[in-house]
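Student: Can you walk me through a structure I just opened? I'd like the plain version.

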Amino acid sequence: MKKIAFYTLGCKVNQYETDAMKQMFSKKGYEIVDFLSLADIYIINTCTVTAMSDKKSRQMINRAKRTNKEAKVIITGCMAEELKQQKTILDGVDLIVGNEDRKNIVEIIEDTFNESIDVNTCKEFWEAGNVLSNERTRAYIKIEDGCNNFCTYCIIPYVRGRVRSRDINNIVEEVKSVIEKGVKEVVIIGIHIASYGKDLSGVTLTDVVERIDALDGDFRIRLGSIEPVYINEETVDRLKKCVKLCKHFHLSIQSLNNETLKRMNRHYTVEELRDKIKLLRDNFTDVAITTDIIVGFPGETEEEFNSTYEALKEFNLSKIHVFPYSVRRGTVAEKMEGQISEETKDIRAAKLIELTNFQENEFKKRFLGKLMKVILEHREKDGFKIGHNEQYVDVLVDADDKDVVEVVGTIENLQIR
Ligand code: SF4
């Protein structure tokens with residue numbers, strides 16, 4: 001029996017797709033082994049969102065070759081797709097499988113090489129069937145792939161192609177199957193889930209949430225990262241009726257300066273965001289609003305950065321994920337004037353990290369003494385079981401507490417202290 005090992009970098013979509021590939025190889029009789037052990041084939045599902053993810057992907061290629069120099073090392077995922085388009089091969093890599101070829105990866109590997117497929121013309125969603133991850137309490141449900149937006153810093157539309165939405169009935173079937181297996185939280189993921197349905201007629205992300213919400217069972221729904229444009233009176237009005245939906249919205253904001261947003265090709269303004277955040281807060285009690293912010297985007301002046309900082313102070317979000325801008329080859333921003341020094345990016349990032357640490361703590365404090373619905377996970381860290389409430393605030397419970405062990409993997413009312 002051939003042994004195969006996987007390593008995943010990057011986002012939840014990549015993790016989901018690795019799980020799907022594992023299932024495909026397993027069905028064909030391959031034995032899935034740990035990445036650090038001896039295998040015949042190593043598959044690295046790469047990411048190219050930052051220069052750091054590129055570096056890590058290369059390190060894992062080297063590690064696989066060091067573990068077994070006779071093994072075949074195959075890369076797939078976004079960095080692999082970029083290399084494939086540039087017709088570049090890396091040392092240590094035996095085969096690149098492009099993103100659109102992964103649905104046939106077993107056959108491709110077995111046949112050694114494949115015909116290339118143009119990612120931009122691909123129209124189909126990779127229907128991987130019901131994909132089970134290792135997490136027992138939470139399941140990631142992929143509903144779409146690709147993006148039509150072309151933000152100037154982002155390589156994703158080039159390496160994943162345009163929006164392809166999954167059939168809504170298949171989504172519902174997958175959710176039903178994971179709930180039957182005891183999963184308590186389904187996370188709706190994709191590359192750009194707010195675009196769900198753009199290539200279909202008459203269905204939207206809100207329809208998906210409503211269909212899942214209507215299913216029987218004790219579980220909750222969490223939305224993955226969404227574009228601010230998705231938030232409006234109509235969607236909020238419908239979403240607030242979905243009783244299983246977590247009061248947690250991760251809005252991909254990136255900057256809070258209108259000039260920077262224009263250069264990023266992001267189609268909203270700070271004023272609109274202010275209204276959207278108010279709309280969410282008016283309709284969802286104790287809502288968690290989290291975000292991603294890029295600092296040091298080309299041309300970001302001190303004034304632009306300061307206005308982002310001041311707006312973030314005012315918006316008082318529950319968590320800001322801060323990313324120093326990282327040049328991606330082949331993007332519009334790569335060629336922009338006014339590239340910012342690493343030193344300045346680090347100073348700006350540190351300022352935002354300090355702000356978010358303070359705001360996050362203040363947000364968490366509001367739950368002290370309250371009874372909250374928490375899902376305790378099976379994993380343990382430093383003698384504590386880890387759980388999360390709807391707002392994705394970490395809740396730690398002493399793992400030696402017998403009462404705790406009994407409620408792992410269920411939704412429980414716990415008092416936060
Ligand atoms: S919305 Fe922008 S940042 Fe997000 S995947 Fe599409 S192009 Fe990239």
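Student: What kind of model is it, and how are residues numbered?

Tutor: This is a predicted model, where local features need pLDDT of at least 70, side-chain atom pairs count only at pLDDT 80 or more, and totals for chains, interfaces and linings use all residues. Residues are numbered from 1 along each chain as its sequence is written, and side-chain values use heavy atoms, with hydrogens and water left out.

Student: OK, strand 11: is it buried or exposed?

Tutor: All eight of the eight residues of strand 11 (residues 288-295) are buried, so the strand is largely enclosed by the rest of the structure. Buried means under 20% relative accessible area, exposed is over 50% and partly exposed is in between, using a 1.4 Å probe and protein chains only. Strands are DSSP runs of E with at least two residues, helices are runs of H or I with at least four, and both are numbered from the N terminus.

Student: Which residues sit on each side of strand 11?

Tutor: A288, T290, D292 and I294 are on one side, with I289, T291, I293 and V295 on the other. Both faces are covered.

Student: How does strand 10 pair with strand 11?

Tutor: Strand 10 (residues 248-254) and strand 11 run in the parallel sense over five bridges. Two strands pair if DSSP finds at least two bridges between them. H248 stands opposite A288, and H250 stands opposite T290.

Student: And how many residues of strand 10 are buried?

Tutor: Seven of its seven. H248, H250, S252 and Q254 point one way, while F249, L251 and I253 point the other way.

Student: What about strand 12?

Tutor: Strand 12 (residues 319-324) pairs with strand 11 in the parallel sense, over six bridges. There, V295 stands opposite P324. Strand 11, helix 11 (residues 302-315) and strand 12 make a right-handed β-α-β unit. Right-handed means that, with the strands pointing away from the viewer, the path from the first strand over the helix to the second runs clockwise.

Student: Switching topic: which residues surround the ligand?

Tutor: C147, N149, F150, C151, Y153, C154, I156, P157, I191, H192, E227 and R266. A residue is near a molecule or strand if one of its heavy atoms lies within 4 Å of it.

Student: What does that shell look like by class?

Tutor: The shell has eight nonpolar, two polar and two charged residues. Ala, Val, Leu, Ile, Met, Phe, Trp, Tyr, Cys and Pro count as nonpolar, Asp, Glu, Lys and Arg as charged, and the others, Gly among them, as polar.

Student: Now the rings. How many aromatic pairs are there?

Tutor: The count comes to ten aromatic pairs. Rings of Phe, Tyr and Trp (its six-membered ring) pair if their centres lie within 6.5 Å; planes under 30 degrees apart count as stacked, over 60 as edge-to-face and the rest as tilted.

Student: Why is F35 with Y42 called edge-to-face?

Tutor: Their ring centres are 5.4 Å apart and their planes are at 75°, so the pair is edge-to-face. Both F35 and Y42 are buried. F363 and F367 also form an edge-to-face pair, at 5.2 Å centre to centre and 80° between the planes.
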